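Let's take a walk through a protein together, one stop at a time. Have the sequence and the 3D view ready as you read.

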Amino acid sequence: MNIETLPILNDTESRKKSIIENTPAIFEITENQRAVGKEPLYEIEIASQVYKWCGLIIQIAKKYKIDSNFVMAIMYMETTHGWYDRIHPSKRTILPMNIHYGYWKKLGVTKELLECPFYNIEFGVILLSRIRDRIEKPTVRKIASIYNLLGARKVTDYGARVGRLYYLQPWRKRGCAV
């Protein structure tokens, strides 16, 4: 399919449908120099699950032809910022990739599958790869912004932080290296 004939999808529901049905499209998103990638006070490094699932991340990322360090940056972000799921009585997202099982049920996601780290990581990687494939000039910052906020039209602070984590690779300190 010619890139000029691909539909441009910028609203959340159209993007979601394209990802679920795996139909070709363009998701427009621009860089945003105002997006801040600095470490927030509530980022808890010891909560990171990247070290625990390092080998699995590398294996699944390779299968879907996506940079494993990018997947690690997303997981690091989600598990060091996503600790709230442990105290919230009715959590709807499941770590380590922080996938919302109700939102992505048409992709085959269930709560039970997401409780298995292999499937949790695989669904996260599928989402990342499908987002990447729909951005004309994909960057870590752009893909991460849409992963976090499907309707994002410019890089968000979340995307900027993932970009910074990708650059710093804090998981290497504890032996997780590609």
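Predicted model: local features only at pLDDT ≥ 70, side-chain atom pairs only at ≥ 80, totals over all residues.

Residues are numbered from 1 along each chain as its sequence is written, and side-chain values use heavy atoms, with hydrogens and water left out.

Let's begin with the core. Nonpolar side chains tend to be buried together in soluble globular proteins. A nonpolar core here is a set of buried Ala, Val, Leu, Ile, Met, Phe, Trp, Tyr and Cys residues joined through side-chain atoms within 4.5 Å. "Buried" means under 20% relative accessible area, "exposed" over 50%, and "partly exposed" in between, using a 1.4 Å probe and protein chains only. The largest nonpolar core has 49 residues, and those touching the most other members are Phe70, Ile74, Met97, Trp104, Leu128, Tyr147 and Val162. Which helix gives this core its largest share? That is H3, with eight residues. Helices (H or I, at least four residues) are DSSP runs numbered from the N terminus, as are strands (E, at least two).

Look at Ala73 in helix H3. Ala73 is buried, because its relative accessibility is 0%. Contact means heavy atoms within 4.5 Å; leaving aside neighbours within four places in sequence, Ala73 is in contact with Val162, Leu165, Tyr166 and Trp171.

Now for the rings. Rings of Phe, Tyr and Trp (its six-membered ring) pair if their centres lie within 6.5 Å; planes under 30 degrees apart are stacked, over 60 edge-to-face, and the rest tilted. The structure has three aromatic pairs. One of them joins Tyr76 and Trp171, a tilted pair with 6.2 Å from centre to centre and 55° between the planes. Tyr76 belongs to helix H3 (residues 68–81) and Trp171 to the segment after helix H7 (157–168), so this pair ties together parts 95 residues apart in sequence. Tyr76 is buried at 3% relative accessible area, and Trp171 is buried at 0%. Another pair is Phe118 with Tyr119, whose centres are 5.3 Å apart and whose planes meet at 90°, so this one is edge-to-face. Phe118 is partly exposed at 27%, and Tyr119 is partly exposed at 36%.

Of the 16 residues in H5, 13 are buried.

Our last stop is the loop between helix H1 (12–21) and helix H2 (50–63), where Glu43 is found. Is Glu43 buried or exposed? At 8% relative accessibility, Glu43 is buried. A polar atom of the Asn32 side chain is 3.0 Å from the backbone nitrogen of Arg34.

Note on methods. Polar contact = N/O pair within 3.5 Å; in protein donor to acceptor, adjacent residues only side chain to side chain.
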